[in-house]
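Subject: Structure handover

Hi,

Here is the structure I promised to pass on. Have a look at it first, and my notes follow below.

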Amino acid sequence: MKEVSADQVKRMMERVAQKVVESEPYLTEIDLKIGDGDHGTGMKRGFLAVQKMLLDLKVDSCEGVFRAVGTCLLDTMGGASGVLFGTVFISGIVKREERNSFQLSDFAEIFSTSLTSLKKRGKAKVGDKTMVDALEPAVLALEEGAKEGLDLIEGFQRAALSAEKGM
């Protein structure tokens, strides 16, 4: 699969939201080890809202899906997480022309721009035990995969493995 439509991007975001909601106990458990334990609750709240919003979303472009998800997270997640996840979904699409399909190179470009914005906003770098530890290697894998001409599934699999190693 070399590209996905805007409707497929919407379905991808539905699946992401489902996985985050299902991961609430784990997110809470790991946050209890380094913080106050509310991360899972906030993530679940934000992504439940995303699930609800996506049910009625009329898809106009791939960027429109990202914008809707980011805005929803900003409005519902609360705390630093809402701002950070909103940044990830919105900052990468700000200067892009609206498109009805994405290739791996589009995802690489969007998340690379998002990573730069996130690092600037949070002053974080790899090794600080933040989301950058997982996001940066995933972005690098997306970029490499796009240069190699990988299809979307192979590119995302490589990015997921890289993110997991970065964690």
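A word on naming before anything else: helices (H or I, at least four residues) and strands (E, at least two) are DSSP runs, numbered from the N terminus. Keep in mind that this is a predicted model, where local features need pLDDT of at least 70, side-chain atom pairs count only at pLDDT 80 or more, and totals for chains, interfaces and linings use all residues. Residues are numbered from 1 along each chain as its sequence is written, and side-chain values use heavy atoms, with hydrogens and water left out.

Let's start with the loop between α6 and α7, where K129 lies. K129 is not a glycine, yet its phi is positive, at about 60 degrees. K123 sits in that loop too, between α6 (104-122) and α7 (132-148), and K123 also has a positive phi, near 55 degrees, without being a glycine. How accessible are these two? K129 counts as exposed because its relative accessibility is 73%, and K123 counts as exposed at 67%. (Buried means under 20% relative accessible area, exposed over 50%, partly exposed in between, with a 1.4 Å probe and protein chains only.)

Helix α1 covers residues 6-22 and helix α2 residues 24-34; they pack with their axes 4 Å apart, at an angle of about 55 degrees. Axes here are lines fitted to C-alpha atoms, for helices over the stretch in contact, and angles run from 0 to 180 degrees between N-to-C directions. The pair is therefore oblique; under 35 degrees would count as roughly parallel, over 145 as roughly antiparallel, 65 to 115 as roughly perpendicular, and the rest is oblique. Which residues meet there? From α1 they are V20, V21 and E22, and from α2 they are E24, P25 and L27. Contact means heavy atoms within 4.5 Å.

S101 is found in strand β2 (residues 101-103) and counts as partly exposed, because its relative accessibility is 26%. Leaving aside residues up to four places away in sequence, S101 touches E3, V4, S5, C62 and D106.

M167 counts as exposed, with 69% relative accessibility.

Cheers
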